[in-house]
Amino acid sequence: MAPDDGTEWLLQLLSKIQLEQFYPRIRDELHVTRPSHFDYVKPLDLDRIGLGRPGQRRLEEALKHRKGQSQRPKSWVYKV
């Protein structure tokens, strides 16, 4: 289960929340290769690949946390 170019972030994220067994399905069936692609994934899509509601919630929280880390502060005060 080696990650393709550019999808190692997805495998790391799923490993962190103990859902790495869904990596091939998310990558191949849902065609998610970037974090922004999750904006178009619906709970029904995750149900279809076998990811239950608790797993969906863990994935959603991990994605929120990842987005929070990647955003830079917008105020100039943080730069000082």
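Predicted model: local features only at pLDDT ≥ 70, side-chain atom pairs only at ≥ 80, totals over all residues.
Contact is taken here to mean heavy atoms within 4.5 Å. Once its neighbours within four places in sequence are set aside, Asp45 is in contact with Leu30 and Tyr40. Its relative accessible area is 18%, and because buried means under 20%, Asp45 counts as buried.

The nonpolar interior comes next. In soluble globular proteins, nonpolar side chains tend to be buried together. Here the largest nonpolar core has 20 residues, and Leu14, Ile26, Phe38 and Leu59 are those with the most contacts inside it. Two or more residues of this core are given by each of H1, H2 and helix H4 (53-70), and the largest share, five residues, comes from H1.

The structure holds one aromatic pair, formed by Trp9 and Phe38 in an edge-to-face arrangement, with 6.4 Å from centre to centre and 80 degrees between the planes. Trp9 belongs to helix H1 (residues 8-16), whereas Phe38 sits in the loop between helix H2 (23-28) and helix H3 (43-48), so the pair ties together parts that are 29 residues apart in sequence. Trp9 is buried, with a relative accessible area of 10%, and Phe38 is likewise buried, with a relative accessible area of 10%. Phe38 thus joins the aromatic pair while being among the residues with the most contacts inside the largest nonpolar core.

Methods: Residues numbered from 1 in each chain as written. Heavy atoms only, no water. Phe/Tyr/Trp six-rings, centres within 6.5 Å; stacked < 30°, edge-to-face > 60°. Helix = DSSP H or I, 4+ residues; strand = E, 2+ residues; numbered from the N terminus. Buried < 20%, exposed > 50% of the residue type's maximum accessible area, 1.4 Å probe, protein only. Core = buried A, V, L, I, M, F, W, Y, C linked by side-chain atoms within 4.5 Å.
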